[in-house]
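Subject: Handover of a structure and its findings

Dear colleague,

Please find below the structure that I am handing over to you. I would be grateful if you kept it open while reading the notes that follow.

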Amino acid sequence: MSDDNKKQHPATITAQALGWVEETTRSVTPPIYPSTTFERKTDLSYHDGRCYTRTDNPTYDQACAVLDALEGGVETRLFASGMAAAVAVLHALSPGDHVVAPKVMYWALRSFMLDSGVRAGLTFDFVDNGDTDEWVKHIKPGTTKLVWLETPANPDWQITDIAAVCAAAHKAGAIVAVDNTVATPLLTRPIEKGADIVMHSATKYLNGHSDVLAGTLTTADKDSQFWQNIRKQHAGGGGVLGVFEAWLLLRGMRTLSVRVERACTNAMAIARHFENHPEIEQVQYPGLESHIGHDIAKRQMNGGFGGMLSIRVKGGGKRAVDFHNQCKLFKRATSLGGVESLIEHRASVEGPTSPVPDDLLRLSVGIENADDLINDLETALANSK
Ligand code: PLP
């Protein structure tokens, strides 16, 4: 990356996708290279070092460079899904290694850790996201090899102090990986705070249109043994992103800054509107002073508190489900980070082992008009029993 690009604001980096112009035709949007294989020279070398698409395809380059620039990392790898990216980090560990992760986090990854992770010989401690002392207490020098963070974390949006946990983890010789899906690099840059690896479900905000499944890992140190293990898992395990999806991801990232800005404004308007509502038990949003993680969020997040919030409805689980059934603009669907607003009853998605209360609805706030979204929720709430 040139020094000029390093100085650019994320809005410029994303809108221009670093301003790359294709050499042959001077096209400002890049071509897709569907070829899975590349011709060798007679001396058996390759024209630009590329052999086979599973290890490298030119379609990936620009999206990876944009993510390096946004996250302040030195190398990015694209995976077939966010889960494939997260699992590649776990695969970089060895049997007997200890992992510290949040008690409340993206539930499918926590289930994977407890099932496949345990069968692979890893041991886990799950701690309270917002309690730095608890993180420090569970990081065991020499034994803990990975500290996994998710902040704000699904679905109560607790905030972890990245810098404080990184300091403790590094002192103990552990790697820190941060799931930055919800914050996006526009609001939080974990590598600046000391993290070693940043992970995204690019299915969410990075792509932003609910039409691509993708995952990313970005590293602060591409020579570390841990990252070399991840690279082997990426190419050897084969869970790489298709080139058409990589192209769509780059197209989606071009509007990231306006989408995130609008989602933050809308989420804050909804959170404020329902904060003291007589029919609402609690609004969980890190932008509210009443949120348990607000003080850390104010320090750690720049430019907004994200587009995700949860609402606990008076009247329990049955009313919460009826309320979400009455919504018209908010679609009853899982996932997050798209342009359209979604609402979800998390306890019924996560099942009986979920720590999520039954009266909680998770909202992924899109880029529609805030008044229309508030009216939709108000009408649904008034009609719900
Ligand atoms: N991390 C977070 C915070 C998520 O919300 C999700 C998916 O919902 C994932 C990781 C997994 O990503 P994917 O669905 O792209 O595999």
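A nitrogen atom of the ligand lies 2.7 Å from an N or O atom in the side chain of D179. This is a predicted model, in which local features need pLDDT of at least 70 and side-chain atom pairs count only at pLDDT 80 or more, while totals for chains, interfaces and linings use all residues. Residues are numbered from 1 along each chain as its sequence is written, and side-chain values use heavy atoms, with hydrogens and water left out.

The ligand and its surroundings

Two further pairs of atoms involve the ligand. One of its oxygen atoms is 2.9 Å from an N or O atom in the side chain of K204, and an oxygen atom of the ligand is 2.8 Å from a polar backbone atom of M83. On its own the ligand has 390 Å² of accessible area, and the protein covers 92% of that area (Shrake-Rupley method with a 1.4 Å probe; for residues, only the protein chains shown count as cover). Helices (H or I, at least four residues) and strands (E, at least two) are DSSP runs, numbered from the N terminus.

Which residues come nearest to the ligand? Of the 15 residues around it, they are G82, M83, D179, S201 and T203 (a residue is near a molecule or strand if one of its heavy atoms lies within 4 Å of it). By class, the shell has 6 nonpolar, 6 polar and 3 charged residues. Here Ala, Val, Leu, Ile, Met, Phe, Trp, Tyr, Cys and Pro count as nonpolar, Asp, Glu, Lys and Arg as charged, and the others, Gly among them, as polar.

The annotated lysine

For K204, the UniProt record (an unreviewed entry) gives the feature "modified residue: N6-(pyridoxal phosphate)lysine". UniProt positions are given in the numbering used here, feature names are shortened, and annotations may be inferred rather than shown by experiment. K204 lies in the loop between β6 and β7 (215–219). Is this lysine buried or exposed? K204 counts as buried because its relative accessibility is 17% (buried means under 20% relative accessible area, exposed over 50%, partly exposed in between, with a 1.4 Å probe and protein chains only). Leaving aside neighbours within four places in sequence, K204 is in contact with T181, S335, L336 and G337, where contact means heavy atoms within 4.5 Å.

One of these partners, S335, has a phi near 80 degrees, a positive value in a residue other than glycine. S335 belongs to the loop between β10 (331–332) and β11 (342–345), and with a relative accessible area of 22% it is partly exposed. T184 also has a positive phi, of about 65 degrees, although it is not a glycine. T184 is found in helix α8 (residues 184–187) and is buried, at 1% relative accessible area.

T218 lies in strand β7. With a relative accessible area of 0%, T218 is buried. Its side chain makes a polar contact with the side chain of T76, at 2.8 Å (a polar contact is a pair of N or O atoms within 3.5 Å; within protein, one must be able to donate a hydrogen and the other to accept it, and residues adjacent in sequence count only if both atoms are side-chain atoms). Beyond four places in sequence, the contacts of T218 include L67, I191 and W227.

R77 sits in strand β1 (residues 75–79) and is buried, at 15%. Among the residues that R77 touches, not counting those up to four places away in sequence, are G215, T216 and L217.

G72 lies in the loop between α3 and β1 and is partly exposed, at 40%. Leaving aside neighbours within four places in sequence, G72 is in contact with L67, R189 and I191.

Two cis peptide bonds

Finally, which peptide bonds are cis? The bond from T151 to P152 is cis, with omega near -10 degrees, and so is the bond from N154 to P155, with omega near -15 degrees. P152 lies in the loop between β4 (144–150) and α7 (162–171), and P155 is found in the loop between β4 and α7.

Yours sincerely
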